[in-house]
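Biologist: Hi! Could you walk me through this one in plain words?

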Amino acid sequence: MRFLSDTISETVRNIHSGEITSTSIVKRSLDTIARGNENLNAFLSVQSDHALKRASELDGLPADQKKSMPLFGIPVAIKDNICTKGVPTTCASHMLSNFVPPYDASVVEFLLNAGAVPVGKTNLDEFAMGSSTENSRFGITRNPVDPSKIPGGSSGGSAAAVGAGFVPAALGSDTGGSIRQPASHCGVVGLKPTYGRVSRYGLVAFASSLDQIGPITSDVRDAGLLLEVLSQVDSRDSTCARKPFSNNQDIYSLDTRGLRIGLPAEYFGEGLSDDVRLPIMNLLDMLKERGAQAVPVSLPNLRFAIATYYIICTAEASSNLARYDGVKYGFRDTRGKTLTDMYSLTRQNGLGDEVKRRIMLGTYVLSSGYYDAYYLKAAKVRTLIAQDFNAAFEKCDVIISPVSTTPAFSIGEKTEDPLQMYLTDIYTVSANLAGIPGISVPCGTAGGLPVGVQFISSHWREDLLLKVGYASQVALENR
Amino acid sequence: MEYEIVIGLEIHAQLLTKTKLFCGCASKFGDPPNTNGCPVCLGLPGALPVLSGLAVEMAVRMGLAVGCSINNKSVFARKNYFYPDLPKGYQISQYELPVCGPGFLVINVGGVEKKVGITRIHLEEDAGKLVHDQDVDSLFDVNRCGTPLIEIVSDPDMRSPQEALAYLAGIKQILEYLKICDCNMEEGSLRCDANISLRPKGQETYGTKTEIKNMNSFRFMEKALEYEARRQEEVLDSGGKIIQQTYLWDPSNNKALPMRSKEDAHDYRYFPEPDLLPLTVEQALIEKARASLPELPQVRKSRFINEFVLPDTTADVLTSDRHIADFFEATLNFFNDARQVANWIMGDILRIMNEQKITLDAITVTPARLGKLLSLISDGTVSAKAAKKVLDTMQSENKEPDTVIDQLGLRQVSDTGALEIALRKVLDEHPAEVERFRGGDKKLTGFFVGQVMKLTKGTGNPKEINTLLQKLFG
Ligand SMILES: [Zn+2]
C-alpha cells in the first residue's frame, strides 16, 4: 500500500499548483496512522498537533518561498534514534524513555529546511541493535503485509510506516543492514548511502564507523530525492565528506544497456532459500533482456564478514553506550548506596538484554590481552573485505545480492537464539564494513511476503544504485 | 645502601585557545559553573566532536620548541572509563600515534647541563570538575569538560627532585614563551604528575615505580618527591618491596596518600576514535609554525649575556620569565644602560612583586616610566637613594616619575647659591670640625656633605656640595 500514487516530487508540484494542500496530506497521514498504528506499533510517538500546525504554516507561505523546498508539505517519519528538538528520542530504550533532546539532528534540520513535515518517531530495536524490531522496550512492530511476521530491523518502524501507507518516506539508520533488510521485508525501498555521504550529527551512535542514515520510501525516485536533501555538507560531523548527492533526472532514464551486474558466487550459495533466490533470478533475467549483462565476481573474504562485523560494532557500541550512566540525563536507578551501585543498577535495569550482550562482547574484544586477537584482527579483515569489493568493481558496475536469507520470519521465531538472528545479516553487513552504498528494492513475493533484492556499488555511486533500482521497479510493474 | 632516584614527569598544559578542543564552547577559567556547555561537551546522545585547528597548531609549536619530531599523521583514541566528571564515558586522547614524537630539554642544575628526553606530546580533552565541599552530595561543573590539553611525557631521565624541578621550570618557561598556556599551577592550567623509583647505585634496570599526583606547585612537588624518595628508601632498606601504586600528595599534611594500586588499575580499552579522521599535519603547517617560533629562553639568555654583557645569573633571572625579559628589553628603549636597567628590575621591580605578591601585569611602572626614572637619576635630578622611594610611590599611585619626585619634594638641589647658604650654616654650627678639617683631616668631607644633605632633606646634590666645600677651603 502506497501513501502516494505519485512520486513525492509530483505531489510537491501538485501542492505548488494549489491542487492540494500540505494540511490535507498531513491530515490524511495522521488519520491513517490513527487507524492503523495501534495494530502495527510502527510509531512510538506521533506529533499530530505539531505536524498540523507546521502544515498550515507552510500552506500560508508565499508561493516563491514554497518553490525552493523540494519536500514541501510532505509528511515524513523519523526513526526514534535520530534527535528531534523538544520531541522525545528514546532509542526504544528504557534508558532514554524520558530523554528530550535540546537539538535537532542535522538531517532533521535538512528535512525541515526542505519543507518536510515530521509526523512521528518510529519504533526500532533498542539502540538499533537487532534485525526484527523485537528488541524494542516499547513493544514489537508488526509487518504491515502480514501482522504475524516481523517487519525486519532495526528500522522496522520506519519500514512498516512506509509499507503500511502511513507516510511516503521515513528516515532509517543502517549499521549492518538496518535500512535495507526491513525495507525488503515490508516491500519498500531502502537506501544505505556511502559512509560519509550523510551527516551523523544527531544520530544516537551505535557503531560510529558503520552507522549511516538513509531514506526508506515507496518509490526508488523518492529515495533519490531524499538522498539529495539528506546529503548536504555538514561541518558538525568530521566523518561527513563534502559530497552532496545530486538527484539528476538522467538517472531514471531506464537505459540499462551495457550495465554490468556482478553476480558473486558467495552470495547465492548454501543457506539461501528458493523463496528469495527465484525472484532475484527472475529480475536479473528481466534486466538482461533490457541490455544489462551479468558478470561473475568473487568476494572471497565475505565468509569473515559476520564475525568481523560483530567484533567492530560491539567494540564501538561498548564505548558509545558508556555515556548512559545515570549521571546527567536519562534513567537513573537510585536504589543503590554508592556510585558503583548507581552505575550498575542504572545500566542493569535501563538497558535490554541484547544491548547488554553487545556491550559485554565489545568490552571483551577491546580488553587488554584480547585487543590484538579480536579488534585489531577484525580491523585488518575489514580492509581485506573492502579490497574484495574494489577488485569486484573493476569488473562490474553494481553487485546484485539477496537482502536476507528468507522473507520475513514469524514474530518470536528467532528471539531465543541470538546467533541465528546475527546470521540473518549476512548479505548486508559487508557494505557497511566497506563503507559502500547499498539499496534494497522489492523484486517479488514468496508466499505472499515481499522479497527484496540488494544492489551494491562502489563509493559515491548511489546514482548507479538508483538507476538499476528504478529499472527493476519499472520492470516489475510492467511484468 | 646508596640509591639513585629515577624520575619521569607527565605535564598537562591547558592550551590558551578561545574554544574547547572539540566544540565551540568558550574555554575559560573562572566563569560561573555550567555556563560553557553544549551537546558535544555534555556528551549528549548523537553529538559529535570536531577538532580545533588552533589547538593542533599550539601542540606543534610546543613540539618544535623542544626538538620533537612532528608526526604528519596522528590518531585520536578513546580512553574508556566511568567517572561522573567524564560525560561520554571516555576521554578523547591520543595513544599509539601522538602528534609529536621524541624531543628533549636541556636543564641546568648547579651549573651542570643535562639533556632530559621527551618521549612524546599528545593532544587530549580535559574532564569536567566535581565539587564535593558543598552541603549536598557532589556538584558537577561542565565548564572544564573538553578544554584542550597537551600532555608532555618525559623519559625517566631525572635523578633528583632538583632536576625534576628544573625540568618542570624549563617546560613552563617554554609554554609561556610560546604563549600557549598561562601556566597557573594553582588554578590547574599546568599540572604535573611524577613517576618515581629508586635503584641501587650502578644498577641498570629500573626499580618499581610509584606515581604521585596533585603536586600543584613547585614547592609541593619538591616536598612530594623528597618524601616519596625517602619513603621508598626506608622500605627498601628494611627489606621491603615497593608496590606499584598511585598516590595523591596531601599538602596540608605533607603526606602522599595511596589512591589506587595496580591491581585495581583501569583497563582503558583504548581504540581509535571512529568519530574523528586521523589528524594530518601538513609539512607546510609545520614549517609555518617553525618560522613563527619566538626566541626561546635558552637562546635569549645567551643573547643577553653576549649583547648586553650581563653576568650569567643576571641573564638567567631576567629570561626565566618571558614577561620580565620583555620588560627588560622594552625599558632599554628608554634608557640604554643594560646593567643599570637589569639591576633596577632584579633589585626593585622584583622586590615590589615579591612584597606585594603580584605578577608583572599588576606592576604600574611601565618600561617607559622606569626608563625615565633612570634618566632622572643619571642627570642628577634625583639621587639614586631617593629614587627607590620614588619608584615605590610610582607603583602604589600609578604615577609618572616627575610627578612623584615633585610630590615628595625629592628633586635634587644643584643650585649652588642655595647649597652654599646651607653649607655656610653647617660650617658655622661646627667650628671644632672646621678646625680639624683645616688641620688636614680630610675624612670630615663626608661629615659636612652629610650634614648639608640632612639640612636639605636629602635633596642636595652631593657632588655639588663637595665642589663647594673644595672651593670654600681651597
Ligand atoms: Zn561544548
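Biologist: Which handedness does the crossing of H2(A) and H3(A) have?

Modeller: The crossing of H2(A) and H3(A) is right-handed. A crossing is called left-handed if the near helix is turned anticlockwise from the far one by less than a right angle, and right-handed if clockwise. Helices (H or I, at least four residues) and strands (E, at least two) are DSSP runs, numbered from the N terminus. Before we go on: this is a predicted model, where local features need pLDDT of at least 70, side-chain atom pairs count only at pLDDT 80 or more, and totals for chains, interfaces and linings use all residues. Residues are numbered from 1 along each chain as its sequence is written, while chains are lettered from A and ligands numbered from 1 in the order in which they are written.

Biologist: Good to know. At what angle do the axes of H2(A) and H3(A) cross?

Modeller: Roughly 160°, and the axes of H2 (residues 22–40) and H3 (residues 48–59) of chain A come within 8 Å. Axes here are lines fitted to C-alpha atoms, for helices over the stretch in contact, and angles run from 0 to 180 degrees between N-to-C directions. The angle makes H2(A) roughly antiparallel to H3(A); under 35 degrees counts as roughly parallel, over 145 as roughly antiparallel, 65 to 115 as roughly perpendicular and the rest as oblique.

Biologist: And which residues meet there?

Modeller: From H2(A), Ser22(A), Thr23(A), Val26(A), Lys27(A) and Leu30(A) meet residues of H3(A), including Ala51(A), Leu52(A) and Asp59(A). Two residues are in contact if their C-beta atoms, placed from the backbone, lie within 7 Å. By class, this contact of H2(A) with H3(A) has 6 nonpolar, 4 polar and 2 charged residues. Ala, Val, Leu, Ile, Met, Phe, Trp, Tyr, Cys and Pro count as nonpolar, Asp, Glu, Lys and Arg as charged, and the others, Gly among them, as polar.

Biologist: What about H8(A) and H16(A): how do their axes cross?

Modeller: The axes of H8 (residues 220–230) and H16 (residues 462–477) of chain A cross at roughly 160° and come within 8 Å. These two helices are therefore roughly antiparallel to each other. Among the residues in the contact are Gly224(A) and Leu227(A) of H8(A), and Gly469(A) and Tyr470(A) of H16(A).

Biologist: Changing topic: how many helices and strands does chain A have?

Modeller: Chain A has 16 helices and 11 strands.

Biologist: Then is chain B compact or spread out?

Modeller: Chain B has 15 helices and 15 strands. Its radius of gyration is 30 Å, well over the 23 Å that the rule gives for 474 residues, so chain B is more spread out than a compact globule. Its C-alpha atoms fill a box of roughly 95 × 55 × 55 Å along the principal axes.

Biologist: Last one! Which peptide bond is cis?

Modeller: The one from Gly153(A) to Ser154(A) is cis, with omega near 10°. You'll find Ser154(A) in the loop between strand S3 (117–122) and helix H6 (156–163) of chain A.

Definitions and conventions:
The radius of gyration is taken over C-alpha atoms; the globule rule is 2.2 Å times the number of residues to the power 0.38.
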